[in-house]
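The topics are taken up in turn after the display.

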Amino acid sequence: MRVVFDTNIVISGRLWSGAPRHALSIIEAGQAKLLVSEPMVDELKDVLSRPKFASRLELVGKSAEQVVIDHLQFTEVIPTQSIPPTIIDDPDDDIVLACALSGKADCIVSGDPHLLRLELFEHIPILTVHAFLERFSENP
């Protein structure tokens, strides 16, 4: 299974426990392939560098850079083609869609309401982390 995790899922999974962490453990165990693009890596770096994450990073004993490096060990960085503007309310979300389309992903996992409202993009389902975990348990 080829999947794309939105940045919110990655950060939640890397810095906290719970369903996003469980989803990342599936990737780390090699049971699914996590796709990412350079723009998504840049977004992850940017978001992790925000002051609101400083105390959490300190609590887990990692810098923003270390979290990104750890994360990239379990991803396939793919080149992406641009797509027509799709998420009008939050154009930054288009990088997730572009990555999924370029990487021929089986699904996108997100907690972002702009993406979740689409439900489907070019035949690629957009799932909550709980729906991904349920789907994965049915078809590992």
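**Aromatic pairs, a buried aspartate and the core**

Tryptophan 16 has a relative accessibility of 36% and therefore counts as partly exposed. The model under discussion is predicted.

**Aromatic pairs**

- In the pair of phenylalanine 5 and phenylalanine 132, the ring centres are 5.6 Å apart and the planes stand at 80 degrees, so the arrangement is edge-to-face.
- Phenylalanine 5 belongs to strand S1 and phenylalanine 132 to helix H8 (residues 129–138), so this pair ties together parts separated by 127 residues in sequence.
- Phenylalanine 5 counts as buried because its relative accessibility is 2%; phenylalanine 132 is also buried, with a relative accessible area of 0%.
- The rings of tryptophan 16 and phenylalanine 53 have centres 6.4 Å apart and planes at 65 degrees; this pair is therefore edge-to-face.
- Tryptophan 16 is located in the loop between H1 and helix H2 (19–28), and phenylalanine 53 in the loop between helix H3 (38–48) and helix H4 (54–60), so the pair ties together parts 37 residues apart in sequence.
- Whereas tryptophan 16 is partly exposed, phenylalanine 53 is buried at a relative accessible area of 9%.
- Phe5, Phe132 and Phe136 are linked into a cluster by ring pairs.

- Isoleucine 108 is in contact with Val4, Val96, Leu97, Ala100, Ile124, Pro125, Ile126 and Leu127, when its neighbours within four places in sequence are left aside.
- In soluble globular proteins, nonpolar side chains tend to be buried together.

**Buried aspartate**

- Aspartate 6 is situated in the loop between strand S1 (2–5) and helix H1 (7–15).
- Although aspartate 6 is buried, it has no salt bridge; arginine 50, the nearest side chain of opposite charge, is 11 Å away.
- A polar contact of 2.9 Å joins the side chain of aspartate 6 to the side chain of serine 110.
- With residues up to four places away in sequence not counted, aspartate 6 touches Glu43, Val96, Val109, Ser110, Asp112 and Leu115.
- Val96 is one of the residues touched by aspartate 6, and isoleucine 108 is in contact with Val96 as well.

Terms used. Residues are numbered from 1 along each chain as its sequence is written. This is a predicted model: local features need pLDDT of at least 70, side-chain atom pairs count only at pLDDT 80 or more; totals for chains, interfaces and linings use all residues. Side-chain values use heavy atoms; hydrogens and water are left out. Helices (H or I, at least four residues) and strands (E, at least two) are DSSP runs, numbered from the N terminus. Buried means under 20% relative accessible area, exposed over 50%, partly exposed in between (1.4 Å probe, protein chains only). Lys and Arg count as positive and Asp and Glu as negative; His and the chain ends are not counted. A salt bridge is a side-chain nitrogen of Lys or Arg within 4 Å of a carboxyl oxygen of Asp or Glu. A polar contact is a pair of N or O atoms within 3.5 Å; within protein, one must be able to donate a hydrogen and the other to accept it, and residues adjacent in sequence count only if both atoms are side-chain atoms. Contact means heavy atoms within 4.5 Å. Rings of Phe, Tyr and Trp (its six-membered ring) pair if their centres lie within 6.5 Å; planes under 30 degrees apart count as stacked, over 60 as edge-to-face and the rest as tilted.
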